[in-house]
Amino acid sequence: MTEKASVGGSAEHHEDELRGVGGTALGRGTRLDRVRALRQAVEAVAAWSHEALGDGPEVFGRFPYREVVDYYQKVGKAEVSHELVALLRGARLGIECSGRARPWSSPDAWLFDAWLPLTFTDRPMNYVSYAGNDVMSIAHWDTDGTPAAAERADDVLTAVLIADVVERETNALEQAGAHAAQRTRTTAAWQALARLADYAPLALADTAPLDAVRAALGESEADGVPEAARAAVAAIREQATPALLRAVEVSLLPVTTLHDEQMFIRSIQLFERLFARVARSLTSAVEAVRADRPADAAAVLEQAAAWLSGATGPLYRVLTTMPPESFAVIRDHTHGASAIQSRPYQLVETVSAKREGEAHRPEKGPLFALDTTLQEAFLARAGGWPSEDARRLEDAMRGLDANWRGMKRTHWGVTMKIIGKVPGTGGTAGADYLKAAANVGLFPQLTAA
């Protein structure tokens with residue numbers, strides 16, 4: 001029997017086990033590799049904890065992330081050593097008791113404070129910590145606070161995330177054997193990379209590396225795609241700060257050792273970035289409407305609709321390569337964590353329009369309190385604008401609504417393919433819940449009209 005069905009470190013490595021799609025991750029190694037990784041992580045954290053008690057804030061930059069993350073990825077969070085988890089909890093407590101727990105003091109301190117809870121193995125699973133969402137906020141650390149800077153930072157983060165997917169899947173294709181499922185996944189990742197400019201247009205000023213990937217994909221043999229993809233990955237990483245690269249690297253703490261879960265977590269993180277950008281666009285549109293600038297509101301919503309249209313197909317094509325049996329294992333270990341708990345996703349629907357209580361069921365988590373929504377602001381002010389301005393904004397709202405519902409319909413379709421009609425992890429009715437949600441518009445009064 002191979003290690004395919006194992007999610008932890010209990011089974012020994014077999015040379016004939018399946019790696020890549022439908023199997024274990026490339027870096028898992030043998031039992032001896034995992035024992036060594038644990039020893040290295042424990043020794044490194046213990047040494048760092050001793051140093052941290054007597055050193056200054058710069059000690060956060062020397063935390064042994066590599067050793068800890070390497071061990072977690074080798075065994076999966078469900079099987080991590082209690083000794084290491086206790087050390088990590090103790091490290092956090094020691095920092096807090098020392099009075100130097102000031103995460104805003106530097107990006108290194110901030111990253112440590114946001115990342116450490118990801119290593120804990122609390123049940124039920126928490127969606128925010130599972131996806132590493134808070135860690136990703138470091139993308140905005142060095143920005144000047146302007147919308148343009150935030151958009152650029154989000155695009156670079158999105159690009160780095162898709163670059164990581166491409167690198168992992170390209171490695172799996174080359175090292176784990178080119179079986180059909182892996183080739184399908186890797187091709188989908190290459191295609192998502194080639195279309196990066198459609199959903200992260202500010203990531204690369206020079207799109208030549210992406211054009212090279214697209215050209216290689218169009219060739220009959222496509223032998224040059226791996227080389228072109230690696231060149232594009234390198235170009236993307238040159239745009240990112242060291243802090244952002246580290247945040248992306250350490251945010252991948254899967255619960256199992258399945259290769260598919262690494263792709264799944266990155267997919268969640270990519271969609272979180274997309275939802276966050278749409279939410280910010282809606283918030284900007286509300287501000288513009290309240291200032292009687294309907295053309296500005298229309299422009300940001302048109303851009304948001306373009307992001308959704310550009311991202312939905314490529315990203316879901318990657319996600320739909322998840323084998324149902326792999327997701328069944330992942331789902332069994334992540335009960336309680338559900339995408340309906342996504343804060344950016346909730347914010348999109350909350351900023352859009354007032355909704356009845358059913359739209360904010362308890363499993364979604366806390367609600368957001370807003371002075372007004374885009375729908376209500378538009379209906380209150382549109383009568384005082386020139387008709388062409390009101391019409392453009394209404395069309396932009398309808399366009400975003402159509403793309404948002406299209407994204408949700410695709411999500412429902414992918415869910416049906418992968419898990420069928422079993423209950424959802426967040427306490428919903430699963431695919432049936434998603435099907436119903438896909439019919440709920442962002443702007444119900446416009447939809448009804």
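Among contacts in the protein between residues at least 6 apart in sequence, 72% join residues at least 24 apart. Contact here means heavy atoms within 4.5 Å. The model is predicted: local features need pLDDT of at least 70, side-chain atom pairs count only at pLDDT 80 or more, and totals for chains, interfaces and linings use all residues. Residues are numbered from 1 along each chain as its sequence is written, and side-chain values use heavy atoms, with hydrogens and water left out.

The protein holds 20 helices and 0 strands. Helices (H or I, at least four residues) and strands (E, at least two) are DSSP runs, numbered from the N terminus. Of the 449 residues, 53% count as buried. Buried means under 20% relative accessible area, exposed means over 50%, and partly exposed lies in between (1.4 Å probe, protein chains only).

Confidence was examined next. pLDDT is the predictor's confidence in each residue, from 0 to 100. The protein averages a pLDDT of 85, and 84% of the residues score at least 70. Among the elements, helix α11 (residues 225–237) has the highest mean pLDDT, 98. Helix α19 (residues 431–438) has the lowest, 63. Over residues 1–15 the pLDDT is below 50, yet this stretch has 45 contacts in the model beyond near neighbours in sequence. Residues 358–366 also stay under 50, and the model gives them 17 contacts beyond four places in sequence. Where pLDDT is low, the predicted coordinates should not be read in detail.

Two helix pairs were then described. Two packed helices are described by the angle between their axes and the distance between the axes. Axes are lines fitted to C-alpha atoms, for helices over the stretch in contact, and angles run from 0 to 180 degrees between N-to-C directions. Helix α10 (residues 208–218) packs on α11 at about 165 degrees, with the axes 8 Å apart. That makes α10 roughly antiparallel to α11. Angles under 35 degrees count as roughly parallel, over 145 as roughly antiparallel, 65 to 115 as roughly perpendicular and the rest as oblique. The crossing of α10 and α11 is left-handed. A crossing is left-handed if the near helix is turned anticlockwise from the far one by less than a right angle, and right-handed if clockwise. On the α10 side, the contact is made by Pro209, Leu210, Ala212, Val213, Ala216 and Leu217. They meet Val225, Ala228, Ala229, Ala232 and Ala235 of α11. By class, this contact has 11 nonpolar, no polar and no charged residues. Ala, Val, Leu, Ile, Met, Phe, Trp, Tyr, Cys and Pro count as nonpolar, Asp, Glu, Lys and Arg as charged, and the others, Gly among them, as polar.

In the second pair, the axes of helix α13 (residues 259–290) and helix α18 (residues 387–418) come within 13 Å and cross at roughly 160 degrees. α13 is therefore roughly antiparallel to α18. Their crossing is left-handed. Phe275, Val278, Leu282 and Val289 of α13 touch Leu393, Leu400, Trp404 and Met407 of α18. The contact of α13 with α18 has 8 nonpolar, no polar and no charged residues.

Helix α16 (residues 343–352) is mostly covered, with 8 of its 10 residues buried. Among them are Tyr345, Gln346, Val348 and Glu349. The buried residues of α16 pack against α13, α17 (374–381) and α18.

Arg277 lies in α13. It counts as buried, at 3% relative accessibility. Not counting residues up to four places away in sequence, Arg277 touches Glu151, Asp154, Asp155, Tyr199 and Trp307. Glu151 is 126 residues from Arg277 along the chain, but their C-alpha atoms are separated by 7.5 Å. Val414 sits in α18. It is also buried, with a relative accessible area of 9%. Leaving aside neighbours within four places in sequence, Val414 is in contact with Tyr316, Leu319 and Thr320. Val414 and Thr320 are 94 residues apart in sequence and 5.8 Å apart in space, C-alpha to C-alpha.

Two loop residues concern the backbone. Most residues other than glycine have a negative phi. Ala222, in the loop between α10 and α11, has a positive phi near 60 degrees. Ala222 is partly exposed, at 23% relative accessibility. Asp292, in the loop between α13 and α14 (294–319), also has a positive phi near 60 degrees. Asp292 is partly exposed, with a relative accessible area of 42%.
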